[in-house]
Amino acid sequence: MTATRTAVIAGAGIGGLTAALSLARAGLQVIILEQAERLEETGAGIQLSPNASRVLLDLGLRERLRAVAVAPTALRVLRARDGHEILRMPLAQVAERCGAPYWVIHRADLQAALLEAVQANPNIKLVLGTRVDRFAVNADGITVQGLYALPNAKVPARVDTEGSLLIGADGIWSAVRAQLGDKSRPRFASRVAWRALVPTEMAAKPAREPMVNLWLGRRSHLVHYPVAGGAQINVVAITEDRWDAPGWSTRSMPAEVLARYPLGAWSRHARDLLGIPDHWLKWALHERAPLSGWGDGPVTLLGDAAHPVLPFLAQGAALAIEDAAVLAAEITAHPDNLVQGLRAYETRRRGRTTRVQQAARQTGRIYHRGADAFLRDTVMRVLGGERLLQRYDWIYNWRVD
Ligand SMILES: Cc1cc2nc3c(=O)[nH]c(=O)nc-3n(C[C@H](O)[C@H](O)[C@H](O)COP(=O)(O)OP(=O)(O)OC[C@H]3O[C@@H](n4cnc5c(N)ncnc54)[C@H](O)[C@@H]3O)c2cc1C
């Protein structure tokens, strides 16, 4: 394989796919190595705030995404006990202020749009079923050692890929990050997210409206919003819990979820929605402390591999998308020294990603208040939706330049 101005990307998640499109546009050849044999997103939704949607529009995905996304008019904060509306944040105004949409979308729809664009690009090669195991830096760039499972073989075969750069977009359990020197493991955040999709026609009318609904309880919360052009409702229930395992796809039964959202503490309306799915997927939340340096020589990290974010501000994928845009901008700005481009990218990203990581952790603490939840709800009501939303302008109004 050619080693001239080729970026090898480990991982074809939202970060890896967006980086591939951005780097190809910056004039690089791109090879993506993905461990999964097929790219399929498990059912769930994702919020795409203007800081992220702006990058995707710039990559030419506007029409493709608009057809499947929902643009919520507001984020409605509801009291768990009785469904009383505490406040409403006008998301439509944020989109207008930032000049880019605030969308909610099914992850599979986002992934399909990115994948189609990747597959239509002659400068990007996607290699599935290959797990990045190690890398070695050499005079010309980098050799990335991948492992792929041959049918009926006991031991995976080894395949080497040459490139000028390696971008570790291989998620929170990143092998690239480990080889860069961070031997620590992600820390369990003592919270678990249960996720399910509900056919819209089975849900009560308020849940069908184009809004993000955030129910705040004691040590637990619930988020739901329509996706798939309004055909389904994405439901995410997050509680404090001890169950800890990596991955997205452990199945869980409705009783397990409902037991954590008991009557009295949770209104009948919330529980009715939680009772619809016949199964859930659960995901233990993990976090890592911010890294002081993400890269070395021709190797860097991107997305959750570099800076996993707890989901309380819905910014993990958004930051990965931002990373991709800044990485491509710095590669363009350093055409004769790609390694310098990587260092410039890391320098530009460190402060913002750390700040968002911290803000998300802080928001999690607020969402999961215990006995003083009443105080939280009162303060939020007094502040009001518009003022609270303006506090996040620094997140939403981000631009690559
Ligand atoms: C409940 C919940 C809700 C969320 N909601 C939102 C939201 O609304 N908005 C938002 O912006 N973010 C949200 N997030 C965060 C978001 O899901 C992640 O931050 C985002 O998916 C990270 O993307 P990534 O591409 O960096 O990593 P990943 O999505 O983890 O992708 C990594 C890819 O690398 C592959 N891989 C791993 N190891 C290797 C290897 N060694 N070799 C090759 N391939 C490998 C994996 O198979 C995978 O395809 C949420 C998270 C949770 C838990």
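A: A residue is called buried under 20% relative accessible area, exposed over 50%, and partly exposed in between. By that cut-off Ser 190, with a relative accessible area of 39%, is partly exposed. Ser 190 lies in strand E12, which covers residues 187–199. Its phi is near 60°, a positive value in a residue other than glycine. All of this refers to a predicted model.

Strand E12 belongs to an open sheet of eight strands with mixed pairing, in the order E5-E4-E13-E14-E15-E12-E17-E16. The edges of this sheet are strand E5 (85–89) and strand E16 (250–252); each has a single partner strand, so one side of each is left without a neighbour in the sheet. From one strand to the next, the twist averages 25°.

E16 pairs with strand E17 (residues 280–287) in the antiparallel sense, over three bridges. Arg 251 stands opposite Leu 281 in E17.

Domain 1 is made up of 6–39 + 128–183 + 288–363, and domain 2 of 64–105 + 187–286 + 369–396. Taken over C-alpha atoms, the centres of domain 1 and domain 2 are separated by 30 Å. Contact between the two involves 13 residues of domain 1 and eleven residues of domain 2.

Another strand pairing in the chain is that of strand E3 (residues 45–48) with E6. These two strands run antiparallel and are joined by four bridges. The bridge partner of Gly 45 in E6 is His 106. In a regular strand the side chains alternate between the two faces of the sheet. In strand E6 (residues 103–106), Trp 103 and Ile 105 point one way while Val 104 and His 106 point the other way, and all are buried.

Leu 126 counts as partly exposed, at 22% relative accessibility. Not counting residues up to four places away in sequence, Leu 126 touches Ala 12, Ile 32, Glu 34, Leu 39 and Leu 115. The C-alpha atoms of Leu 126 and Leu 33 are separated by 6.4 Å, although these residues are 93 residues apart along the chain.

A positive phi also occurs at Ala 314, where the value is about 55° although the residue is not a glycine. Whereas Ser 190 is placed in a strand, Ala 314 is in the loop between strand E18 (299–301) and helix H10 (316–333). Ala 314 counts as partly exposed, at 23% relative accessibility.

For the chain as a whole, there are 14 helices and 18 strands. The radius of gyration is 21 Å, close to the 21 Å that the globule rule gives for 401 residues, so the chain is as compact as a globular protein of that length. The C-alpha trace spans about 65 × 50 × 40 Å along its principal axes. Of the 401 residues, 56% count as buried. Among contacts with a separation of 6 or more, 74% are between residues 24 or more positions apart. The accessible surface of the chain comes to about 17,100 Å², and 52% of it belongs to carbon and sulfur atoms.

How values were computed:
Residues numbered from 1 in each chain as written. Predicted model: local features only at pLDDT ≥ 70, side-chain atom pairs only at ≥ 80, totals over all residues. Heavy atoms only, no water. Pairing = 2+ DSSP bridges. Axes fitted to C-alpha atoms, helices over the stretch in contact; angles between N-to-C directions. Rg over C-alpha atoms; globule rule 2.2 N^0.38 Å. Buried < 20%, exposed > 50% of the residue type's maximum accessible area, 1.4 Å probe, protein only. Contact = heavy atoms within 4.5 Å. Areas by Shrake-Rupley, 256 points an atom, 1.4 Å probe, with all protein chains shown as cover. Domains from an automatic or database assignment.
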